[in-house]
Amino acid sequence: MKRGFLAMLPLWVGAIPSGIAFGLAARAAGLSALQAQLMSGLAVNAAVQLTFVTLLHTPVYLLLLTVLTLGAELPLLGLAIGRQLRLTWPQRLLVAWLLTDGAYGVAAALGPLELPVLLGAEASMFLGWNLGTALGLLAVHAVPAIAHAAGFVVPLTFLAVLLPLMRSRGAVAAALAAAATALVLGRAAPGGVAVLGAAVAGSAAGAWLA
Amino acid sequence: MSEVLAVAATLFGLRLSGLSLPRLRLPAFTFVPVSVLAALAATGLGHQGPLPLVAAAAGALAGLRARRMWVCIVVGLAVYALLEVV
């Protein structure tokens, strides 16, 4: 558990600023500090939460549709975990609550997936994300520059997590095909649909070359 | 408040659905995480112009050389900040 928790700490460099950005954006959009912190505790998803605060005043069904497309990769992460670990129901509920792509990526990069390592990484990301949110809420008026940088820090974090996973020809092919697909689909489709299409294209390319 | 809870519940359902599907043994799923992470990085960086791309590439190269994740983030951020100032 400690190994997963510590391996995740470098990603706090991304989680804290984006958490701060969410705290700022949430307060600016009219959420109370309690609502914003509660959301970081329950939803634990930077992309969805940052989209949520920008779409706050659209109808709920549109909001949930966007969440579904943005979260389209989450069942795939769960599927990847289910392939490697046999979990009991209480374990599943806990893993599902805290599951983030960053935590899965780091836990998977540490060798064959183990439940304590995964939970440690998940708890670490949860703590960093909520700490960042709290800092953002506390500093609502003080650090607009950090909010500005969040748009760069988040994809940079994905890139940093991706690098150690690119250890085979198949993985490199998957990453390149997925990136290209996401960029093309992203012009026309919502972010989540583009990511889902990229996952399919990347997996196909990787399996073909591996 | 209800929207906050609805979004959280939707995400929880999405996460749980993947974990609760029957164990599939498809070799293609090996590359799902790599693909998803690459897609997220590409879409996040793709719409921001050349400056973040240069900074991210510098971070990626440094991270690969050092074989440390945090080096990628720190170098990427440093180059980004430097380019912002210039």
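Visitor: How many residues of chain B are in contact with residues of chain A?

Guide: Contact here is a C-beta matter: two residues count if those atoms, placed from the backbone, lie within 7 Å. By that test, 54 residues of chain B touch 73 residues of chain A. On the chain B side, helix H1 (2-20), helix H2 (32-46), H3 and helix H4 (69-85) each supply at least two residues. That side divides into 38 nonpolar, 13 polar and 3 charged residues. For the classes, Ala, Val, Leu, Ile, Met, Phe, Trp, Tyr, Cys and Pro are nonpolar, Asp, Glu, Lys and Arg are charged, and the others, Gly among them, are polar. Keep in mind that this is a predicted model, where local features need pLDDT of at least 70 and side-chain atom pairs pLDDT 80 or more, while totals for chains, interfaces and linings use all residues. Residues are numbered from 1 along each chain as its sequence is written, and chains are lettered from A and ligands numbered from 1 in the order in which they are written.

Visitor: What does the secondary structure of chain A come to?

Guide: Helices and strands are DSSP runs numbered from the N terminus, with at least four residues (H or I) for a helix and at least two (E) for a strand. Chain A has 11 helices and 0 strands. Of the contacts in chain A between residues at least 6 apart in sequence, 75% join residues at least 24 apart.

Visitor: How do I read a packed pair, say H3(B) and H4(B)?

Guide: Two packed helices are described by the angle between their axes and the distance between the axes. Axes are lines fitted to C-alpha atoms, for helices over the stretch in contact, and angles run from 0 to 180 degrees between N-to-C directions. H3(B) and H4(B) pack at about 150°, their axes 7 Å apart. The pair is therefore roughly antiparallel, a label for angles over 145 degrees. Their crossing is right-handed, that is, the near helix is turned clockwise from the far one by less than a right angle. By class, this contact has 17 nonpolar, 3 polar and no charged residues.

Visitor: At what angle do H2(A) and H8(A) cross?

Guide: Roughly 165°, with the axes of helix H2 (residues 33-42) and helix H8 (residues 115-138) of chain A coming within 9 Å. This pair is also roughly antiparallel, and its crossing is right-handed. Ala33(A), Ala36(A), Gln37(A), Ser40(A) and Gly41(A) of H2(A) meet Trp129(A), Asn130(A), Thr133(A), Ala134(A) and Leu137(A) of H8(A). The tally is 5 nonpolar, 5 polar and no charged residues.

Visitor: Is Ala62(B) buried, exposed or partly exposed?

Guide: Count the other C-beta atoms within 10 Å: 20 or more is buried, 12 or fewer exposed, and in between partly exposed. Ala62(B), in helix H3 (residues 50-66), counts as partly exposed because it has 18 such neighbours. Beyond its neighbours within four places in sequence, Ala62(B) is in contact with Val71(B), Cys72(B) and Val75(B).

Visitor: How many residues of H2(B) are buried?

Guide: 14 of its 15, so H2(B) is largely enclosed by the rest of the structure. For helix length, the expected span is 1.5 Å times one less than the number of residues. H2(B) should therefore span 21 Å, and its end C-alpha atoms are 20 Å apart, which agrees. The 17 residues of H4(B) should span 24 Å, and the ends are 25 Å apart, so that agrees too.

How values were computed
Angles under 35 degrees count as roughly parallel, over 145 as roughly antiparallel, 65 to 115 as roughly perpendicular and the rest as oblique.
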